[in-house]
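Thanks, everyone. Let me put the model up, and then we'll walk through the spaces in it and what surrounds them.

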Amino acid sequence: MSSRHDHFPHADVARRLAIRRGVSNLDAAWRSADTAPDGLLTAIAALADAPADVAIARLLPWLSDTEWLRGRLDQALALLTADPFARPPLRMVGGSDGGGLVLADRGAIRLTLQLRPFTAKSAASGSAVFVPGHAAIQVLVGGGAELRAHGVAVSAAEEAGAFTAQGAALCRTQPPRPLRTGETLILDTARQSFTLQGAGSDILFLELTVQPPSCLPIRAYDIESGRLTHVSASRRDSSFRQMALALLRQLGRTDAAPLFIAETASEDFAARWNAMRELVVLDPAAARQPLARMGTSDPHPEVRAAAAATCGLIFPPSGETGREGGGGTGSCTSPAPSAPEFSDKVADAPCPA
């Protein structure tokens, strides 16, 4: 089947230059407006060192008064009307349940326009996800959906780095209520989350998030039981490195083993364990010594336990390899088995935005 790209004007140099000029001019106009004394990026920059809840409170007017956004979308549509092959200077983000446009992104603060498209007979989410930080959500179109609020207790010690899967509190879920067009949700996203269900049409909202670096991981809980199911690194840099290591492992790049070993020294315990698991799958021989060190000296008790259990299964003292049928002292080439308790919660943790 043909696509719109089959008709792209490759040979029409004048048209391509006109498209490029139109996009560049619009981008320059938006940047000029955003960096003006009363602009959005100027307002965000002034709050770079403010506490997350203060930054949310100060930026709320950008959510409640959306005339600036209407004007920006009108300009983007005008660009597309002039030429359908133009790409408005808006970065897209997306996931399995929808997508959006990044309107502003600087440091820990991001403002996005989010769309949750209506899908007939779509199943309600079974998981509630908590991300360290704060958020404000302005509901532009409720779509007839119901909102289920979820909450989980987090202690100051857990926020400071003492979080463990074994000690995690249960997630509590409130009965569903209608999602109201025009309402504003203010959330401490380390402790508060929500899921949407039963929409009859598309849902549209503005989402302002402030997510400074945190020792607390991203956590997913099963809504029905309230139990913790997954943990993953909350820092964006750790998340990007995890994706890169997963790709290197899939490509079989054993020459990149030093990069995996370096990440096992990350400040983020979930990132350390993820890097070690990837290395064990990629190159068990290279993983042997750092895995043994992790099993005895990692500062996180559950990482130590998972590393020690994995080391014992793959490199047992008897000299067996851990493979079916045993056999000699060679390195085990099968994937690392899941260690009890901890890795079941971390191994398949979703990657952060």
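What volume does the second largest pocket have? About 340 Å³. Keep in mind that this is a predicted model.

Who lines that pocket? There are 14 lining residues, and Arg31, Pro89, Val102, Leu103 and Ala104 are the closest to the centre. Two elements give two or more residues each: helix H1, residues 13-34, and strand S2, residues 98-106. S2 gives the most, with 5 residues.

How many cavities of 30 Å³ or more does a search of the whole structure find? The search finds 2.

Take the largest cavity. Its volume is about 40 Å³. The lining runs through Ile137, Val139, Leu179, Leu185, Phe194, Leu196, Ile203 and Phe205. Strands S5, S10 (192-197) and S11 are the elements that put two or more residues into this lining. By class, we have 8 nonpolar residues, no polar and no charged.

The second largest cavity holds about 30 Å³ of space. Leu40, Ile44, Leu59, Trp62, Leu63, Leu111 and Leu208 form its lining. At least two of the lining residues come from H2, and at least two from H4. The class count here is 7 nonpolar, no polar, no charged.

An α-helix has 3.6 residues a turn, so residues three or four places apart point the same way.

Where is it? Ser125 sits in the loop between S3 and strand S4, residues 127-130. Is Ser125 buried, exposed or partly exposed? Partly exposed, because its relative accessible area is 37%, and the buried class stops under 20% while exposed starts over 50%. Set aside neighbours within four places in sequence, and Ser125 is in contact with Thr195 and Ile223. Phe194, from the lining of the largest cavity, lies 69 residues from Ser125 along the chain, with 10.0 Å between the C-alpha atoms.

Now the chain as a whole. The secondary structure comes to 12 helices and 13 strands. Of the 353 residues, 42% are buried. Among contacts with a separation of 6 or more, 68% join residues 24 or more positions apart.

Last, confidence. The mean pLDDT of the chain is 86, with 87% of residues at 70 or more. Residues 321-353 are another matter: the pLDDT there is below 50, though the stretch has 71 contacts in the model beyond near neighbours in sequence. Where pLDDT is low, the predicted coordinates should not be read in detail.

That's the tour. Happy to take questions.

Conventions
Residues are numbered from 1 along each chain as its sequence is written. This is a predicted model: local features need pLDDT of at least 70, side-chain atom pairs count only at pLDDT 80 or more; totals for chains, interfaces and linings use all residues. Side-chain values use heavy atoms; hydrogens and water are left out. On a 1 Å grid over the protein atoms alone, a cavity is a set of points where a 1.4 Å probe fits but cannot get out, and a pocket is an open set with protein on both sides within 12 Å along at least five of seven lines; lining residues have an atom within 4 Å of a point. Grid points are joined across faces, edges and corners, and a volume is the space filled by probe spheres set on the points. Helices (H or I, at least four residues) and strands (E, at least two) are DSSP runs, numbered from the N terminus. pLDDT is the predictor's confidence in each residue, from 0 to 100. Contact means heavy atoms within 4.5 Å. Ala, Val, Leu, Ile, Met, Phe, Trp, Tyr, Cys and Pro count as nonpolar, Asp, Glu, Lys and Arg as charged, and the others, Gly among them, as polar. Buried means under 20% relative accessible area, exposed over 50%, partly exposed in between (1.4 Å probe, protein chains only).
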